[in-house]
Amino acid sequence: MTSRVSRRSVLGAGASLAASSLVPRYLEAAVATPPTRLVIIFSANGTIYQSWLPQTSATGFTLSPILQPLAPFQSKLLILAGINVKSAGNGPGDDHMKGMGHMLTGTELLPGNTQGGAGTPAGFAGGISIDQRVAQDIGGQTRFPSLEFGVMVHSSDVWSRMIYSGANQPLPPMEDPMKAFSRLFAGLQLNAQQTAALLQRRKSTLDYAQGTLSSLASRISADDRIRVQEHQDSVRQIEAQLLASSSACAAPMVGALDLNDINNYPAIGKLQTDILVTALACGQTRIASLQWSRSVSDIPMPWLNISTGHHTLSHKPDSDSASQAQLVSINTWYAQQFAYLLQRLDGIKESNGTLLDNCLVLWINELAKGNVHSHQPLPVVIAGKCSGAIRPGRLVTYSSPVPHNNLLVSIANAMGTNITTFGNPAYCTGSLNLS
Amino acid sequence: MRRRRLAPSGPLAAPVVAIAGAACLGTIGDGLSGESAGAGTVIDRFADATVVAECATISPGPAPLRRLTQSEYNSTVRDLLGDKTSPANSFPPDQKVGDFTNTAVALTVPPLLAQAYQSAAEQLAATAMQNIAALTSCSTATSGETACAAKFIADFGKRAYRRPLTSDEQGALFALYQANRSGADYSNGIQAVIEAMLQSAPFLYRVEFGDTTQLAGGVVPLLPYETASRLSYFLWGSMPDDTLFAAADANQLATSAQVASQARRMLSDPKAQPAVREFYAQWLTLDTVASVAKDPKTYPALTPALRSAMHDETLAFIDWVMWQSDGRMQTMLTAPVSFLNAALASVYGVSGVVGSALTKVNLDSTQRAGLLTQPALMTVLGKADRSSPVVRGKFVRERLLCQTISPPPSNIVITPPQVTPGVSTRQAFSIHDQVEPCKSCHTLMDPIGFGFENYDGMGRWRTVDQGQPVDAHGTLSASDIDGPFNGAVDLAGKLAQSQEMNDCVATEWFRYAMGRGETPDDACSMAALKGTFASAGFDIRELLIAISTSDAFRYRPQVNP
């Protein structure tokens, strides 16, 4: 087994690689037949649709101004026009909250007044997100069932969470590249005997912790038990990671960045992208997401000379051409970051093509149009072939709006999860043909 | 005050709400009704007088299982192990619901957190082993390793689990010790015991079953150790100390007077200071000062160091009100003093302050009054490139008057005005007063927020905005202090006189103390503590005592697995 993957220049930002590294044993089989991977990218506040929508042409489609940065990968893109977050017409929450919470779950938010009260239940999403549904099937094959990355999310409310392991169970993203890095790649600097002792101790302490959780779960109310059982699941997941924890990937370095300085937003995003790609490349997980800021993100972008916050701008009327131009700039900038991700994925060779070819990369937004808070037509970009489950190089325009639950079903199917409906079945009418 | 004792927001709020913006306004906190305050809905669970007619029966409200929050974890390991490294600062953030991050039902343990618990436990245990003598007085040389291990498990276990261990628990931990001792040595076994306990349910959760021998009407009083933990986590944000453990050992936390006596002792302890700060930091959203997005070109002076100083200033002011001054809400809202260093003095335009340490400064009482005009709050409640009358007015409604504003209707084009040279913020936002559908809801926010127009988006005093003279006249409506006012100093004075504001503070403290919203079952507890708060001249310290001794705090529903 070579460590071809990890010797690549997997991390940018001046990263250096360890001279030698181990590739997890489970990857040996995987490299023979590279597995499919699912990557979900989020950016906020809707888009400017007419500047986002590609034009059909005789040979296929012509990229729009916003998507122009994706030109090098046009043949690997599948653009979907006409997806409708139909569920967002229902249930509690404002349009941003619903957009964010429904986006990957396809169901209503839980009742509860998240604006102010501390009622029961909390008002997070009412179901599992599609990536976690896929992780239920394939997450056990890798050290981490999934990895969640964030860039300056800076909050922990319903506007800031898109990944859910179940109803009222949001999974927080890792927002600090250094911490993400050390979680994933900090190789154990121990010899075999020390490693064995550590693993033995971890196993015994986790067993004990698990026992106390089981005992507690049996003695408390049903409402409390749900949370303790989630805790038990989490401990089980860590126990499963124990076996893989001695086989780290490359050990490059990540520099510290001020996580509050808005000027670092691009750099943090780039580092997180690098770590995400490396984690996929060396088989630490098959499922990853990266969340830029949050729904209602009101960050300015001084590097684009945009001093007004994104959310504030997104409310400007269509007639405000200056603001519309700035929104196009913001969304184009996110397309550039998406292009960087694709470039990194496409730069890693696997036995049957590139890593990108084995990915399904989804770029999604919680809104369609910011100033009316609409949820259709949602700007949806898919990249990669997912080992053949996706046929890219196309713009698909649906003549009548398609509920986004159908898209979620198709994503799961592409990843090998055989479901026929997802989220609230009231909003799901089947699947999409992505191949 | 008595007129409202048993109906905290009922008789007053219900008719008031009907006057203006009825479709927009609600009362925060939905409790168990499970409905949200959507447009057209006014939630006022205390409006029905029959709900609160009888307070003879003890009715504590729900008591969901509570997980240690990040700050509680930090303080607990500080007191348990003497470790001041605040390891929970690197945990994923506690989920935020409503105004606080300690809402019990939102505090789940996703895998990222479980792994962080493991890492922290390993680090904490390793550090603790460097000075294990501080944790146990047992000498293995004289007593033997087995005896010392058993003693450590019982002694340390009682402090870690905040109650004596059962024999089964001691047995399981001793087995763990032996498993990790074999082939290694005594300290390896003890280290594993510490690691395991720090990841276990009784440490991470505040488990309560109550005294089932005193079950009455589905309600049980808390067991002494459970009461001790409620007190210590409420007033110290941490585990009980030796005195509380001793009181629990002796069953001296059973009566209201006994609990009050402990609560008074605890409030006079320095550990109360950071715990009380934590409430204010969350209530005032101070935690976002460091990260709130600001345009560096509009606010080049707003450096990370200045943001940090703003945050510290407000906490220093709160400390002063709570522990040096009279602890009253009126002082909190109106005192024209603050705590400045050189950088903050430049924000205030005050001369003569040097250095980076905060020192008490008397401010111009025509420009500054208490919390509300402090730069931290004005920065948080602003846009990236300007002040925000909307956000500031909304803050007063929601955090100080406990009302909710419905979100804007779906599918309308909302066009917040852009910064335009020559057009003041007030002029730009006045569009809200003129057109529907904006008008009906913004009438509730903007006229309050305009009162803050003398403070720019980072809290600097201004009399001119975009070349236009600042007009800080405002209007309060749908409250018990309705009427015009001029500027935030005037507004703060009016708020300080508002029963509704003081009731709201009591409500917010109750929510924070209980880790949940109030419910109809809490009506009697709420009424009692609001009454006590009023009787004490709205001294917040007395409010905290009243919460500690309330039925909601000392009792819980029977646990039904």
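This is a predicted model: local features need pLDDT of at least 70, side-chain atom pairs count only at pLDDT 80 or more; totals for chains, interfaces and linings use all residues.

Reader: What makes Tyr280(B) and Trp509(B) an edge-to-face pair?

Author: Two rings pair if their centres lie within 6.5 Å, and planes over 60 degrees apart count as edge-to-face. For Tyr280(B) and Trp509(B), the centres are 5.8 Å apart and the planes stand at 80°, so the pair is edge-to-face. The two residues come from distant parts of the chain: Tyr280(B) sits in helix α12 (residues 272–283) of chain B and Trp509(B) in helix α22 (residues 499–514) of chain B, 229 residues apart. Both Tyr280(B) and Trp509(B) are buried.

Reader: How many aromatic pairs are there over all chains?

Author: The structure holds 33 of them over all chains. Another edge-to-face example is Tyr73(B) with Phe91(B), at 4.9 Å centre to centre and 70° between the planes.

Reader: Which parts does the pair of Tyr73(B) and Phe91(B) tie together?

Author: Tyr73(B) lies in helix α2 (residues 70–81) of chain B, while Phe91(B) lies in the loop between α2 and α3 of chain B, so the pair ties together parts 18 residues apart in sequence.

Reader: Why does Tyr73(B) count as buried, and why does Phe91(B)?

Author: The label needs under 20% relative accessible area. Tyr73(B) is at 1% relative accessibility, so Tyr73(B) counts as buried. Phe91(B) is at 7%, so Phe91(B) counts as buried too.

Reader: Now the two chains. What is the area that chain B and chain A bury between them?

Author: About 6600 Å², with 55% of it on carbon and sulfur atoms. The contact takes 86 residues from chain B and 82 residues from chain A.

Reader: What makes Lys383(B) and Asp298(A) a salt bridge?

Author: The cut-off is a Lys or Arg side-chain nitrogen within 4 Å of a carboxyl oxygen of Asp or Glu. The closest N and O atoms of Lys383(B) and Asp298(A) are 4.0 Å apart, and the pair forms a salt bridge. Between chain B and chain A the count is three salt bridges, and there are 18 residue pairs in polar contact (both at pLDDT 80 or more).

Reader: Which element gives the most to the side of chain B that touches chain A?

Author: That's α3(B), with seven residues. By class, this side of chain B has 46 nonpolar, 27 polar and 13 charged residues.

Terms used. Residues are numbered from 1 along each chain as its sequence is written. Chains are lettered from A and ligands numbered from 1 in the order in which they are written. Side-chain values use heavy atoms; hydrogens and water are left out. Contact means heavy atoms within 4.5 Å. Buried area is the accessible area (1.4 Å probe) that two parts lose on being put together, summed over both. A polar contact is a pair of N or O atoms within 3.5 Å; within protein, one must be able to donate a hydrogen and the other to accept it, and residues adjacent in sequence count only if both atoms are side-chain atoms. Helices (H or I, at least four residues) and strands (E, at least two) are DSSP runs, numbered from the N terminus. Ala, Val, Leu, Ile, Met, Phe, Trp, Tyr, Cys and Pro count as nonpolar, Asp, Glu, Lys and Arg as charged, and the others, Gly among them, as polar. Rings of Phe, Tyr and Trp (its six-membered ring) pair if their centres lie within 6.5 Å; planes under 30 degrees apart count as stacked, over 60 as edge-to-face and the rest as tilted. Buried means under 20% relative accessible area, exposed over 50%, partly exposed in between (1.4 Å probe, protein chains only).
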